[in-house]
Amino acid sequence: MNTTGLKRNYTPDTYKREHNEWEVVIGMEVHAQVVSQSKLFSGARTVFGSEPNSQASFIDAAFPGMLPVVNSFCVDQAIKTGLGLNAVINLESRFDRKNYFYPDLPAGYQISQFYSPIVGPGWVNVHLDELRTFSLRINHIHLEQDAGKSFHDQHPDKSYIDLNRAGIALMEIVTEPDMRSKEEAAAFLKTLRTILRYLGTCDGNMEEGSLRADVNISVRQPGATLGTRVEVKNINSSRFTEQAIEFEVFRQIEIIESGGRVDQETRLFDSISGKTRSMRSKEDAQDYRYMPDPDLPPLILNLDRIERIQNSLPELPDMKLERLQKDYGLPYHDAALIASDREIAAYYEECLNTESKKHEGKVSGDKAKMIANWFIGDLFAYLNKANLELKESKITPAHLSELVNLIYNGTISGKIAKEVFDLVWSSGESPSKVVKNQGMQQITDSSAIEAAIAKVIEQNQDKVQEYQSGKEKLFGFFVGQVMKETDGKANPQMVNEFLKNKLSAG
Amino acid sequence: MQNLPDLTLSEARQLLTSKKISATELTAEFLKRIEAKASWNAFVTVTGDLALAQAKDSDARLARGDARPLEGLPIAHKDIFCTKGVRTTACSLILANFIPPYESGVTQRLKDNGTVMLGKTNMDEFAMGSANVTSHFGPAVNPWKPKENPTQNLVPGGSSGGSAAAVTGGLCLGATGTDTGGSIRQPAAYTGIVGMKPTYGRCSRWGMIAFASSLDQAGPLAKSVKDSAILLKAMAGHDSRDSTSADMHVPDFEQAIGQSVKGLKVGIPSDDWINECNDDIKTMTVNCINWFKAAGAQIFDVQLSYAKHALEAYYVIASAEASTNLSRYDGVRFGLRAEGRNINDIYQNTRGEGFGAEVRRRILVGTYVLSAGHMEAYYQRARKIQSLIKQNFIDAFDKVNLILMPTAPSGAFAIGERQDDPVTMYLNDIFTVPVNMAGLPAISVPAGIDRRGLPLGVQLIAPGFQEEVLFRAGHVIESSSRFVSWHEKGAIS
């Protein structure tokens, strides 16, 4: 396994200019809201979208004499995240106060982990596509509180504050500057989101702000020392990440090529214009006066606790991707799509489980592929069209597995299966029940098929003669007529075989 | 019968349980005295109706045999403990209108033990001071007067000055205080009572307004060592809402009273800095050593060389913590809000008007020592000194069971004295501060009278969570010194 970091099996593109070649260097600080029913230090609830200030306790509002108590579930979540990112878990970490005044920061300081974070160095593999992968180093992860929200647009001369978010646990996941293109940055953010969702430590909901990134961007000539970086704050989608990087790369190259110097500063991304603009320069940076929080003793972990969490880790996307390809021979595209989301993967694997129970633990590669086709091809299309989520589907994994078996054992044809699928989708009844109720079983009774063929030949003597005199493409016409005669239920292989015999014998 | 306000807490407990007096009677008597002695400014809030209602409930419980350990005993709380529905100000203008919607851990325990709350006592603003002169409500007055100048108003010490004046002056049976750098022990010494600063973590800090979180610790101010033991037993105990609270068994401290000190090893610091006190204090210390010897204790020299620097390190650490602890007083959610055109104006005006000079000074010092470029030179160096002081005590306690030294370098001084130069004022804490820096328990017991006729206190220091030895040894000093308390002098009129 790669534990030393930065490796890629391809060469990233550079930006070529008339005289120079430029490389972009990107690092990220990702703020991930921890999935937890209560806040990091107060025990208050964390339901999103609640009435303003209904999820704030006296601790969150920093009333006199109120004290923080660390929520051990949130600590477990951070450990889990660390383990999921192949990181070192620090047996002793500490909480510090980051001091600044703002009305939505009630205590006048944010409790964070500045000097000794809970999670140390780690790494993560990122796939850009089937052929290109790179690995990126995680510098550390620390736990901290979120701030509340200020509203300045609700009243002409008043500001409002909602402390529901104040004190919610965040993990700040800090990477090394290991990314070399906007594509890599976007892919990392997606991969990280997938891992966090697999772990159940962050819901990854970027619109609600559960996952947001500060992106550090600099440019240099390949091989040169790192350039001056600019931090672009609060980006909440992969697409915006790419836009912000693209904009910054061009801005910075332009500055340097025209003889200027890039200022170390914090910039904001405007998602409407796709541009970044200066927020504050390094000189204006606040002095946060970090100091150990005297209300919180060091956070001491024991190995048992870490081991227990390690044992509870689910199979992670990278491993799943590999296993789906190896064990079932799924093509990369299918496997990557299925592994990209824990719910999707769970659904698919439930299909395989049903299948495996039915067949003494064995799932053949062609069945796995058939299930994948119906899942990705048909079910996804239906879900998209109806704008539904997977968990809302009336078609269960057992249904899908059963449908594939009905095709596989010849009970229905692939064509009839589409109709069955449609009926299962709308009724929620099992495919076999639908087939039975609708009389959709394939006709495999040879006398019935022969009778239908006889009838078609009888009614189309002229076409038979044409066929027999060499117009062989009429064969399809006869197949169609026989299928029509049997309401599409005749076994297509049998029809083919019998027809061929009959017509050539004629 | 004895004058009711003269009673110690344990005497009153005896009279209540034997039904010789009622809680209502006792409470009414104290309320009357509080009113009569309003000039001492010991209380900033008197909760008469509440106290009488509690007393009535206590009498009912006593009558039906359902009494709790401290049933019906009227006490007072330093105005730093949040009391549900009762204004709690830390004696600062910035909190002058603050009514907490919750009860602090310590006052809740005392309430659950059956005590009656008479009111909230005066203190230095946010506990920052050694003379109770920084209070927004004006200074508290020490009931003791110098022989040569019986009209002169002396400080009761600080920051728990109101509690100390109230206890010594017979306005309550005992009181709560907090001690960050000596704020229980030094006022106890200045007013001739017993002040106990328990081990850090012994009492809950939940609901106690923070000054310097790593040093703040609640404790009792009482008329006797026994009263102190009884009150601490009721106050102490683990509180899961305070992450620094110790999950340790709380012994029945009262059992320690009267136990022998024979064979106990008492350490006396031999460092030069210990001599930075007046001759009366030196005499008192010698007397204490002799009393211990007479009681069978053994005396040893110990070295606390780094404790010499405790004061400087303390003012860095305590101010650093205070500067961030007090950031929450911003006029946004509670307390004073001054007008302003924008949020920065509101902050500046609220904090400028709401905090007094000493609090502002410490916020500035604390902000400075934590700022970029100064953090290492000040805050981190102070933390290093702190760990050296802790090691000093650890080494000393390898040899001895407790350490004896003065509580303060002098007796009480006049209100207005030492106010021009904050550093001179800070020197009052030279003997008490090392104990907070090491998180240890210590008790101040009255041990003599200076040439002005004013009380002096001796300080006993023990290893962490060994308060029992302090009560045991403190009681020996108390019985040997034959110290005549303020009320025993016949001062109660």
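The notes below go through the domains, the chain contact, the cores, the strand pairing and some backbone details.

This is a predicted model, in which local features need pLDDT of at least 70 and side-chain atom pairs count only at pLDDT 80 or more, while totals for chains, interfaces and linings use all residues. Residues are numbered from 1 along each chain as its sequence is written, and chains are lettered from A and ligands numbered from 1 in the order in which they are written.

**Domains of chain A**

- Chain A is assigned domain 1 (7–309), domain 2 (315–437) and domain 3 (446–505), with bounds that come from an automatic or database domain assignment.
- The C-alpha centres of domain 2 of chain A and domain 3 of chain A are 34 Å apart.
- Four residues of domain 2 of chain A are in contact with four residues of domain 3 of chain A, where contact requires C-beta atoms, placed from the backbone, to lie within 7 Å.
- On the side of domain 2 of chain A that touches domain 3 of chain A there are one nonpolar, two polar and one charged residue; Ala, Val, Leu, Ile, Met, Phe, Trp, Tyr, Cys and Pro count as nonpolar, Asp, Glu, Lys and Arg as charged, and the others, Gly among them, as polar.

**Contact between the chains**

- Between the two chains, 34 residues of chain B are in contact with 25 residues of chain A.
- The side of chain B that touches chain A receives two or more residues from each of helix 9, helix 10 (343–354) and helix 11 (357–370) of chain B, with helices (H or I, at least four residues) and strands (E, at least two) taken as DSSP runs numbered from the N terminus.
- Helix 9 of chain B gives the largest share of that side, three residues.
- Helix 9 (residues 310–325) of chain B has 16 residues and reaches 21 Å from its first C-alpha to its last, close to the 22 Å expected at 1.5 Å a residue, the expectation being 1.5 Å times one less than the number of residues.
- Because 15 of its 16 residues are buried, helix 9 of chain B is largely enclosed by the rest of the structure; a residue is buried if 20 or more other C-beta atoms, placed from the backbone, lie within 10 Å of its own, exposed if 12 or fewer, and partly exposed in between.

**Nonpolar cores**

- The largest nonpolar core has 239 residues, and those with the most contacts inside it are A:Val215, B:Leu118, B:Cys172, B:Leu402 and B:Leu460; such a core is a set of buried Ala, Val, Leu, Ile, Met, Phe, Trp, Tyr and Cys residues joined through C-beta atoms within 7 Å.
- A second, separate core of 34 residues includes A:Leu321, A:Leu324, A:Ile416 and A:Val420.

**Strand pairing in chain A**

- Strand 12 (residues 211–220) and strand 13 (residues 230–235) of chain A pair in the antiparallel sense over four bridges, a pair being counted if DSSP finds at least two bridges.
- Strand 13 of chain A also pairs with strand 14 (residues 265–270) of chain A, in the parallel sense and over four bridges.

**Backbone details**

- A cis peptide bond, with omega of about 10°, joins B:Gly158 and B:Ser159.
- Although not a glycine, A:Asp487 has a positive phi of about 55°, and this residue is exposed, with 11 other C-beta atoms within 10 Å.
- B:Asn132, also not a glycine, has a positive phi of about 55°, but B:Asn132 is buried, with 35 other C-beta atoms within 10 Å.
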